[in-house]
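Colleague: Thanks for sitting down with me. Could you walk me through what you have on screen?

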Amino acid sequence: MNSARGSISAIPASRPLRLSKQTIGRVIIAAIGIAALCAPWLTSFDPNAVDLAVDEILAPPGAAHPFGTDAAGRDLWARALHGARVSISVGLLSMLAAVALGTIVGLGAGYLGGWIDGLLMRVVDIAVALPLLLLILIAQSYLEPSLPQLIILIAATSWMTVARIVRAETKEIAAQDFIAAATTLGASRLRIMRNHVLPNLKSTLGVAASLAVARAILAEAALSYLGLGVPPPDASWGTMLQDGLSHLQDAPWLVFFPGFLISLTVFGFHSVAETQ
Amino acid sequence: MQAIVLRRLAHSLWVVLLVSMGAFLLAHLAPGDPLATAAGDGAAVSTPAHRNRLRAQYGLDKPLWIQYARWASRASRGDLGRSISLRRPVIDLIQERLPASLLLMGSALLFSLMLGISLGVGMALRPGRWIDRIGGWVTTLALSAPSVWVGLMLIHVFAVQLQWLPSGGMSPAHASVLGLASSEAANLWSQSAHFVLPVVTLSLAQLAVWARYQRASLVDALRGQFVRTARAKGLRERTVVLNHGLRNALLPTVTLLGTGIGALVEGSYIVETVFSWPGLGRLSVEAIQSRDYPLVLGLSVTIAVFVVIGNLLADIAYGALDPRLRVFGSRPQAEPGLSETGLNKTGYHGGRAAR
């Protein structure tokens with residue numbers, strides 16, 4: 001058996017090429033990520049350049065403009081590419097913030113237990129029940145709509161999920177023998193959490209992070225619809241969708257393309273998160 | 001059982017209390033002089049003496065916790081203040097819009113449960129086969145599409161292009177059923193037609209969640225020893241699946257009703273706005289856009305109370321359905337293979353997705 005290892009004959013000849021959902025998810029994310037990074041080389045149009053020539057306004061998708069143009073004659077392909085940068089940044093940054101906070105709270109609550117657990121989980125309960133509405137309203141009245149505000153808002157409403165997952169997982173890990181061994185050897189609680197529990201949370205956190213990005217990109221679309229998105233003239237997929245609203249009848253592609261890209265990207269992150 | 005219900009009830013009251021405190025505090029953090037609104041629009045509060053008199057009159061000179069206590073005591077008697085933008089008592093507005101929201105969310109909950117559970121069962125009966133695979137893809141897709149987009153595309157296709165269904169609003173007949181207008185007989189189709197697109201849009205993501213959980217829990221249940229025993233006894237496959245498998249596998253789904261209700265409430269902000277549905281979700285969005293603090297505060301607390309009640313009912317239903325809970329008085333430590341983490345790892349619990 002060992003001799004066959006690594007040789008071509010070890011691979012079954014008729015192995016069908018089956019793409020797993022995770023692979024497809026990775027490919028989608030990679031493709032959109034590369035497109036976003038290379039945006040300036042993939043289009044010659046300026047995403048914010050207004051062109052009010054008659055045939056440049058609300059032009060349907062065609063050779064010159066693959067995604068068509070909007071009411072200000074801006075090229076939607078260019079806006080979609082540059083918008084990808086904004087939407088994905090929002091997704092990644094709010095995910096980082098939510099995962100960091102959620103991990104700290106979940107790890108502390110799950111490992112330390114007792115009154116700390118009770119207190120932290122009540123905080124999570126309240127944060128879950130606390131109306132998103134008020135948070136939005138407060139944020140809106142203190143700050144001008146901006147990218148950082150959007151990211152903070154999304155992170156502030158999504159860390160609780162991570163905290164709950166991490167807490168449950170931490171409790172399972174903490175009940176295992178190697179933790180008891182570390183405790184017996186006199187390791188401090190901080191050290192155990194950092195060096196023994198945290199590394200074992202890696203796969204859980206990977207899944208949680210992937211879901212958090214998906215959720216954040218959807219939240220960006222929803223908040224943009226409610227008028228709390230990235231300020232104009234910069235494009236994000238959410239604001240593009242919002243911009244297209246008034247032209248749903250005469251130019252449905254204005255809504256179709258950004259929504260499709262959001263769905264595709266979120267689908268990618270959801271697929272990667274599926275552990276099977 | 002009774003003790004559990006009481007404990008859950010106490011917990012719910014506690015959450016409502018804390019949420020109302022949090023909401024009150026947040027509303028007070030917001031900039032803007034409450035006196036300007038209290039004194040009425042355009043009424044200039046000029047002299048310091050006049051200001052102080054008004055402050056005393058409205059209790060604004062008292063510490064925040066006294067202000068909260070006063071607000072809470074009024075709120076518990078149904079007085080949530082007056083809306084600034086609509087110039088009417090907040091409680092009246094909520095009473096007016098609540099039935100429409102309950103109707104929409106109730107229908108969406110039923111629709112998503114029925115279809116989602118059926119799909120989940122179908123997937124679980126043939127794991128790895130085509131229905132399972134297609135179901136897996138479809139549910140992921142359903143969870144990935146932003147509901148604004150789904151709603152708009154449905155409107156474009158079914159209302160604008162095909163003109164099969166109205167793009168939104170409530171039919172007069174519905175409004176009359178809810179006591180919103182004078183009663184008038186209308187045919188059933190035009191009544192339900194207004195329903196279809198908003199309910200489908202609101203249900204879509206939740207449907208996928210139910211299907212996934214139902215699949216996971218039924219696949220798990222069917223691997224159980226008791227199912228092997230049932231099969232060994234020679235019971236019909238139908239009986240094994242429905243009476244032995246599904247009966248056990250429905251329990252975890254019931255526990256998720258609470259989060260499902262939360263997700264539907266959040267979805268309703270968008271869906272009601274897209275389809276001009278006269279419910280609390282749209283009212284909330286309007287309140288935010290006009291920065292109507294009393295209305296936002298009242299709505300937030302009302303919505304939180306309903307979500308908490310929904311969670312409580314789901315918990316009690318779970319208790320009533322699970323004999324272990326009735327007998328031993330505590331929830332089983334872990335559903336086989338469906339521990340909290342097991343479920344969360346595969347990902348989709350309602351959460352507060354702002355769809």
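Modeller: Gladly. A word on terms before we start: a residue is called buried under 20% relative accessible area, exposed over 50%, and partly exposed in between. Keep in mind that this is a predicted model.

Colleague: Then how does Glu237(B) count: buried, exposed or partly exposed?

Modeller: Glu237(B) has a relative accessible area of 42%. Exposed would need over 50% and buried under 20%, so Glu237(B) is partly exposed.

Colleague: Nice. In chain A, which helices hold Arg167(A) and Asp117(A)?

Modeller: The side chains of these two, Arg167(A) and Asp117(A), meet in a salt bridge of 2.7 Å, N to O. The pair ties together parts that are 50 residues apart in sequence, because Arg167(A) lies in helix α7 and Asp117(A) in helix α4. Both Arg167(A) and Asp117(A) are buried.

Colleague: And which residues are linked with Lys21(A) in a network of salt bridges?

Modeller: Lys21(A) forms a salt bridge with Glu274(A), with 3.2 Å between the closest N and O atoms. That pair links distant parts of the chain, 253 residues apart. Both residues, Lys21(A) and Glu274(A), are buried. The network links Lys21(A) with Glu274(A) and Arg212(B).

Methods: Residues numbered from 1 in each chain as written. Chains lettered and ligands numbered in written order. Predicted model: local features only at pLDDT ≥ 70, side-chain atom pairs only at ≥ 80, totals over all residues. Heavy atoms only, no water. Salt bridge = Lys/Arg side-chain N within 4 Å of Asp/Glu carboxyl O. Helix = DSSP H or I, 4+ residues; strand = E, 2+ residues; numbered from the N terminus. Buried < 20%, exposed > 50% of the residue type's maximum accessible area, 1.4 Å probe, protein only.
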